[in-house]
Every structure is written in structure tokens, then in C-alpha cells.
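Where does a protein model leave empty space inside? Rolling a probe the size of a water molecule over the atoms shows where such space is left. Let us walk through it here.

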Amino acid sequence: MAAFPIAHEVTHALARIDRGDSPESLEAETLEFKSDHGNPKKTLGDLVNAATCLANGQGGTVVVGVANSVGGPGAYSGTSLDPLEVRRYIFDTADPGLTVSVAEHTHRGARLLLIGVPLGAAVHAVAGRVTRRIGRSCLPLAPDQVAALHSERSGQDPSEGRSGRSVDELDPVAVDLARRHLRQLTDDRARWAELSGSALCQAMGVALPDGELLVAGEQLFCAAGGEIVSYQHRRTAGSPPDASARFNPPLLAALDRTLEHIAARNLSDPLLLPGGQQLQLLRYPEDAVREALANAFVHRRLDLTDPIHVEHFDDSLSITSMGPLVSGVTVDNILTTPSRPRNRLLARAFRSLGLIEELGTGVARMYRSMLRLGKEPPTFVASADCVRVSLAGGPADMAFARFVSSLDASSRGDVEVLLVLRHLCATSSATPADIAPILQRSPLETARTLERIATSSAPLIESVGASANGALTRYRLSRVAAAGLGIAVAHRRHSSSEIEAAVIAHLLEHGRITNRDVRGLFRVGSPRASVVLRELVERQILERISESDRGPAVEYGPGPLAPDRDSVGGN
């Protein structure tokens, strides 16, 4: 029995291995499997390298005693290592010492060790080498990357340092842009628009009392020779560019000019609402574009000279900034984890001007804007060097967008509601475990969310086959939602008479039917197909004709009450 709670990620992965998946295919940014080589020194060396790599990333779990490339129960090779020895070796070998938790766990008769690795408060090395977990890989860090990670872990804010430049060097165009943004606000910040440039910097906290600008102030308001944004538009990835531009600091001017270039080539499509009102839906919502671009400015590494790359196509828009995701943030939790800006003062200044959302809400805003169009949410790709966010282009899903526009403001603004609706448009039903990765929450949290949506005053989903703890309950679109979404639903629900007619037709042609046949006929999952077959057996329309009574090999033929039974080529 493990001495600390086993992460859901681990239990889910072990269950997948039991079903035949290979461990290496299940590794993630916070999960790694290691086998016991039989040579304690070699195995311990692997473990300290894996632990420090995770600690320099997001932390996580190393599962010891699993063969990486073998699927099924044969993957569990087990280990004889002593937990205290493993813990002591990792602490003594890592520089500085790394404290991990190590516990035994028996699975399928194999003794495993679970090494719980915290997110490191410092940067840990082994024999002078520093690696960091990015995705499924442990990547070595260059000296400048190690220095940046040291600053991040020690809580230093690169944008809060002294710049050596004065408020006398403020770019008037950038100051005017700041005032324009402030005048659009409805709170006390709007009065800052009437301040002098020097007083405005003081109010925003980006200048010292003696008039020296902090790095955030220099970035926002001062011109410089280095390129900050590279913009390029092409119709498709393979076509030549038809527009390109490069912008230098100050950031406010570069941001404004980049947004102008995107807006000039941002196509729109008309959406006719039931009341006759017509809306123009931009293929790239303005607030999603502004949030993505502004976040690239405030999260990038300021010590690197590489510009932010904006690649604008008709079918996608991607923005790439230099520097990895900050500690604690991954592509799998970016929607739900609290915001951790690399340049905190610069981020506060952007929020002061109304250019980005409050902490932790910017990504949700991008999600919301894209989902309202029926499009996939923003996608994030992170490496040790950079982060790329991409927005899907092309026309909106008009049926989905029309239905969402008819919802009340609470549902229309709920990212989780929109994610669930979009998923259930593509699949007939789903469990909390199916939807949990989409919401970036645990299955238990997801079960509560689904129950909340299903029991609201105007439920958009409904439960199918509830279980005792809710974990196996399946949910599908409510009939009202399915009807309102119309052709946005890639599958559709069939009536009992339609199901019976299709099954009888299949029997007439083939003489038998299986779970797989039902899945193909009605575009449903295996659980729903099993329900269909069971109901028809209970009504004596079908009967089992194979020796197997469980699993996909079960075959059914016409039952006593099947229409035209004599004409069916059954056994």
C-alpha cells in the first residue's frame, strides 16, 4: 500500500496498461515509467536523472518496475529496490539535494515503487547537467536557459529591474496609445489618460520616483532598434506570403500595428438569428487574438532577442514567443491553473491598460470566444525554447454558433458548458473520465460539473445509466439541445422503431448482428450498442446465438418475436 495518495494520472495509466497499452505511450509531462535493470547502481542513476528532470519541470511521479515498451500485464517486471535507499540516493546525488517521497505499491502481483517528485524550489543538477521535462522528453538546458529557470524559481521578476532609461525618453506615440486604451475603461483608471507621460508611468508602477523607468516601462514606452514582432500572412502554408511586416519596440506600438495587420485580413461570415438580426462573425475573434498576442508579450523571455512570430493563414493563426511555459503550467492544465506570468510587472501594466484579462482568465477568454463559434479551442505547443498558441480559422459552425447565441448569458459565458456541448456534438455520449481531459479537471470534479449542467433549470445534457458514485454515468445532449443544435450534431438519436427496423434489416441481409455492427449502424459507442442489444433481447426481437456471452464476439440472431422470422437466415 502506498504511503501517499496515488495520483489519478498513475491509476489511469496502470488501468490502460492492463488493457494492453504500452507504458511509453502513456508517459506525460508529469509521469514517467522506469524498469529495474537488475543492476542497482544503473537503476538508481536512471531514477535520480528522472526525478531531477521532473523537479525542474512540473514535478510528477516516477513509477519503477515497469517495462516501457511492453503492453498488458507483462509490463510489470517489478523491483527489489529499497524505498529508503532510493530516497537517500536521490537526495545525496542531486545538486542541491532533492527530497522525494517513495512508497511501495503492488499491482497485478508486481511490487512497484512510486516516487513522488515535487516541483523544485531550486534548479537541480546531476553531475553538473541540468535537464527539464518538456512533454514526454527530458531535455538538456543550455546555460542561458538554466539562468532563466534559476530566476524564475527564485521569484525574480525580469521586468521589475532598473532599465537605466528616463521618462524623458518616452515615445509619444506609445503614450498616446496608452491614453486611448485608458479612455475606453469605465473605472478610476480612465482618469490616468489625462496625466503627463511621467505621471502615467508612476501611476502604473513602471517608473521610480526619480524618473528612471523600470524594464516594464522601457518595454512599453521606449523605442529601440531590436525587432519585437515578425508578421507574415499567407493564404495557405504552402503559398507565398502576400503581406509581411516587422515591428520594433515600444511594445504598445508594436501590439497596435500587429493587430491592425491581422484585422485587415480577418474574414467574416454572416449569421442570421431567428429574430431576423444578422451578425458578422469574425473567423478570428478580436478578443481572442488580442489576448493571445498580449500574452506572448508579457510571458516571453526578455533577455532573448528573437521576435514574436505571427503566422497568419486563412485556416489558422499562430503566435510564437520565446521561452518555455513557466513552472506549474503545462499544455494540459493551462485552462485551469492559476496564471503565473514570467514578467509580473509587465503583466500588471498590460492589465492596467485593459489589454489582457485579470489573472487566470485570459486563456478562458480565448477558449470562450473560439467555442462560441463552434470551433476547437486554442491549441498550445510548448518546448524548452518557445510556446506557440494557434487559433483555428475558416468559417464558424453556424448551427452551433446560432444555438449558443440563444442561450442565457450564464451558459453562453461558461467555458465548461461550451466544451461539453462541443464534445457531445461529436460523440453520442461520454463519461466524466472521457470529458475530464477536455475540461482539464479530475474525473470527480468533471462529474460534479456534468451533474450541475444536467440539473440546471434548462438542462442542456442528461444522464444515461447512472452509477452509484457517478464515475461511470454517461451523459448525452438533452433532446431540446440536440434539436436546437441541429446539423451541428454529428450523430443523431434514433427512435425505438428506427432502431428495430435497422436491426431487422441487418438480420435479413446477414443473419446475425454484433455489438460492432450496432456501433456502425448508429454511430454510437460500445456501451450504447450493448444497451440497444440488451433491450432487443428483452423484447425477444433478438436472441444470443454464439457460445460467448460477453465481449465483442457475442453474436445475435432473430428472436421469437422478430418480424418475418422465417425469412431471416438465422441459425
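Start with the second largest cavity, which has a volume of about 70 Å³. The model is predicted, and the volume is computed from it.

Which residues line the second largest cavity? They are R132, L141, Q145, A148, L149, E152, R301, P324, R342 and A384. Helix α5, residues 143-153, gives the most to this lining, with four residues. By class, the lining of the second largest cavity divides into five nonpolar, one polar and four charged residues.

Now step back. How many cavities of 30 Å³ or more does a search of the whole structure find? The search finds four.

Turn next to the largest cavity. Its volume is about 500 Å³. The lining of the largest cavity holds 38 residues. Nearest the centre of the largest cavity lie N295, H299, L325, I334 and V363. Several elements give two or more residues to this lining: α10 (286-299), β14 (316-322), α11 (344-352), α12 (362-371) and β16 (386-392).

Which element gives the largest share of the lining of the largest cavity? Helix α10 does, with six residues.

Then move to α10 for the largest cavity, where α10 gives six.

Technical notes
Residues are numbered from 1 along each chain as its sequence is written. This is a predicted model: local features need pLDDT of at least 70, side-chain atom pairs count only at pLDDT 80 or more; totals for chains, interfaces and linings use all residues. Side-chain values use heavy atoms; hydrogens and water are left out. On a 1 Å grid over the protein atoms alone, a cavity is a set of points where a 1.4 Å probe fits but cannot get out, and a pocket is an open set with protein on both sides within 12 Å along at least five of seven lines; lining residues have an atom within 4 Å of a point. Grid points are joined across faces, edges and corners, and a volume is the space filled by probe spheres set on the points. Ala, Val, Leu, Ile, Met, Phe, Trp, Tyr, Cys and Pro count as nonpolar, Asp, Glu, Lys and Arg as charged, and the others, Gly among them, as polar.
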